[in-house]
Amino acid sequence: MRRLPAVLRREYLERVRSKLFLISTLVGPLLVIGLTLVPGMLMQKQRGKPLRVAILDETGALGASAEQSLARRRASGEQRFEIAPAGDARAPGARQRLSDEVVSGRLDALVILPADVAETSRAEYHAQNVSNVMDISMVDQAIEEALIGHRLTAAGLARDRVAALTRKLELKTVRLTSSGAREDRGGTVALAMLLLMMLYATVAMWGAAIMNAVLEEKTNRVVEVIVSSVPPSTLFWGKLLGVGAAGLTQFLFWALCMAVVGAYGAGLSGSLLPEVSPLLLVAFVTYFLLGYFLYAAMYAAVGSAVNNQQEAQSLAFPLMMPLVMGVMFSLSVMGSPDSRLSVILSLIPFLTPLLMFLRISVLTPPAWQIALSIVLMLASIAVLTWLGGRVYRVGILMYGKRPTFPEIVRWAKEG
C-alpha cells in the first residue's frame with residue numbers, strides 16, 4: 001500500500017484537470033439556481049401584464065357579478081385580469097365580433113356564459129393561448145363564484161349576505177423548521193427533485209467513469225505494465241479513492257455554492273429561493289460519497305472482468321436498475337416521506353443514496369433512521385469493495401472470452 005498515494009494522486013489529477021470536469025462543476029450550481037429561481041421569476045414577469053378579458057353574458061343576469069369576481073383575482077399581489085366591455089349579447093354577430101378581437105390580439109380571451117349556464121354549469125373560454133392552465137383555473141373559479149352567488153340570490157338570500165358566505169379562502173403555504181417559519185411557493189419540492197436527479201446522474205456518471213478507466217487500461221494492455229510495480233489491490237483502491245476524491249471536490253463546490261445562494265435568499269423578503277439548510281448540504285455530500293463507493297466498487301469489478309465496451313454495457317445495465325428504481329419510487333416517497341413503505345425503501349442500501357436524501361429534503365426523518373441508513377450503507381460498501389477487489393485482482397489480467405456470471409462469482413470467492 002506504499003504506492004497508494006501516488007496512484008490516488010494520479011487518478012485525482014487526471015480528472016480534475018479535464019475540461020469536462022471543470023464545465024460540469026461550474027454548470028451544476030447554475031442548473032440549481034436556474035431551475036429553482038428562474039421559472040418563478042419568469043412567471044412573475046409574464047404575469048406582470050393583466051390579461052384583457054371580455055365576458056359575453058347570454059343570461060342577462062350574471063355578467064356584472066362575473067366581471068367583479070374576475071377583476072378581484074390577483075397573481076403575486078397584482079391584478080391579473082382587465083375587464084373589457086362585451087356589449088349586448090343579443091346583438092347580431094356579437095360572438096363573432098368578440099372572437100375576431102381575440103384573433104386580432106385586442107382581446108386575450110373571451111368567456112361566454114350561455115343562457116342555460118345556471119342549469120348546466122357549462123361555460124366557454126375562447127383564446128389563442130389555452131395552455132395557461134393557471135389563468136384558466138382562475139377564470140373558472142371566478143365564474144363559479146359568480147354562478148353560486150346567482151343561485152343563492154335566486155333562492156332568497158340577500159346579495160351582501162351571499163358575498164360574505166361565498167368568500168374564497170387564500171391559503172398560504174408556510175414551512176416550519178427548527179430555524180423558524182418560511183413561506184414556500186413550491187421551491188422545496190423543485191429543489192428536492194433537482195438535487196435527487198443530480199445525485200442520480202453523478203453517482204452513475206462517476207461509477208461509469210471508474211469502469212471506463214479500468215477497461216481502457218485493460219484493453220490497451222497498460223495495466224500489465226502497471227501491475228508489475230503496483231499490486232492490483234493498491235491499484236484498485238487508488239482508482240476508487242482517486243476518482244471518489246474528484247467527485248467529492250465537485251460536490252463540495254456545489255454545496256458551497258448552494259450555501260451561499262441559500263444564505264442570500266434567506267435574507268430576502270418574499271424570496272422565491274427554497275431553504276437550503278446545513279443538514280441538506282451535509283446530506284447531499286454524504287449520500288453522494290456513500291452512493292459512489294457502493295456502486296463504484298461494482299463498476300470497477302465489471303470493468304476488470306470484460307474485454308470491450310459492449311460487454312461492459314451489458315453487465316453494467318443491471319447495476320443501474322437500483323438507481324432507476326430509486327427515481328421511480330421518488331414520487332411515492334415525496335408524497336408520504338414518513339410512511340412505513342418510505343422508511344423501508346430508504347433503508348435498502350442500494351436505494352438509500354436517493355431516497356433517504358429525498359426524505360431529508362422534504363421532511364427530515366428521525367436521527368436514528370439517518371444513522372441506521374449510514375451504518376447499513378457502510379456495511380454494504382465494506383462487503384462490496386472486498387468482493388470487487390477480489391474480482392479486480394483476477395479479472396484485470398484475464399483476456400479472451402467474456403466471463404460468465406458463475407465465473408465472476410468464483411473469482412470473488414477465490415480471488
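This is a predicted model: local features need pLDDT of at least 70, side-chain atom pairs count only at pLDDT 80 or more; totals for chains, interfaces and linings use all residues.

Residues are numbered from 1 along each chain as its sequence is written, and side-chain values use heavy atoms, with hydrogens and water left out.

First, the big picture. You'll find 17 helices and eight strands in the chain. The chain has 415 residues, and 43% of them are buried. Here, "buried" means under 20% relative accessible area, "exposed" means over 50%, and "partly exposed" is in between (1.4 Å probe, protein chains only). The chain exposes about 21600 Å², with carbon and sulfur atoms supplying 63% of it; areas like this come from the Shrake-Rupley method with a 1.4 Å probe, and for residues only the protein chains shown count as cover. As for contacts (heavy atoms within 4.5 Å), take those between residues at least 6 apart in sequence: 75% of them join residues at least 24 apart.

Now look inside. A nonpolar core is a set of buried Ala, Val, Leu, Ile, Met, Phe, Trp, Tyr and Cys residues joined through side-chain atoms within 4.5 Å. The largest one has 70 residues, and Leu195, Ile210, Phe284, Tyr287, Tyr292, Tyr299 and Phe357 have the most contacts inside it. Several helices supply at least two residues each, among them α1 (4-16), α9 (187-219), α11 (232-266) and α16 (367-395). Which helix gives the most to this core? That's α12, with 18 residues. Apart from this core lies another, of 17 residues, including Val53, Ile55, Leu70 and Leu113.

Isoleucine 83 gives us a look at some of those names again. You'll find isoleucine 83 in strand β4 (residues 81-84), and with a relative accessible area of 25% it is partly exposed. Not counting residues up to four places away in sequence, isoleucine 83 touches Val53, Glu67, Leu70 and Ala71.

Next, the charged pairs. A salt bridge is a side-chain nitrogen of Lys or Arg within 4 Å of a carboxyl oxygen of Asp or Glu, and by this rule the count comes to eight. Zoom in on glutamate 145. Its side chain meets that of arginine 72 in a salt bridge, N to O 2.4 Å. The two sit in distant parts of the chain, 73 residues apart: arginine 72 in the loop between α4 (63-71) and β2 (74-75), glutamate 145 in helix α7 (residues 133-154). Glutamate 145 also forms a salt bridge with arginine 73, at 3.0 Å from N to O. Glutamate 145 counts as buried because its relative accessible area is 12%, and arginine 73, at 11%, is buried too.

Another bridge joins glutamate 124 and arginine 95, with the closest N and O atoms 3.8 Å apart. Glutamate 124 is in strand β6 (residues 124-127) and arginine 95 in helix α5 (residues 94-104). Glutamate 124 is partly exposed at 32%, and so is arginine 95 at 34%. Through shared partners, salt bridges join Glu58, Arg95 and Glu124 into one network.

Let's finish with two single residues. Is threonine 385 buried or exposed? At 6% relative accessibility, threonine 385 counts as buried; you'll find it in helix α16. Its side chain reaches the backbone oxygen of alanine 382 at 3.1 Å. Leaving aside neighbours within four places in sequence, threonine 385 is in contact with Phe236, Trp237, Leu240, Phe293 and Ala297.

Serine 121 lies in the loop between α6 (117-120) and β6. Its phi is near 55°, a positive value in a residue other than glycine. Most residues other than glycine have a negative phi. Serine 121 is partly exposed, with a relative accessible area of 46%.

How values were computed
Helices (H or I, at least four residues) and strands (E, at least two) are DSSP runs, numbered from the N terminus. A polar contact is a pair of N or O atoms within 3.5 Å; within protein, one must be able to donate a hydrogen and the other to accept it, and residues adjacent in sequence count only if both atoms are side-chain atoms.
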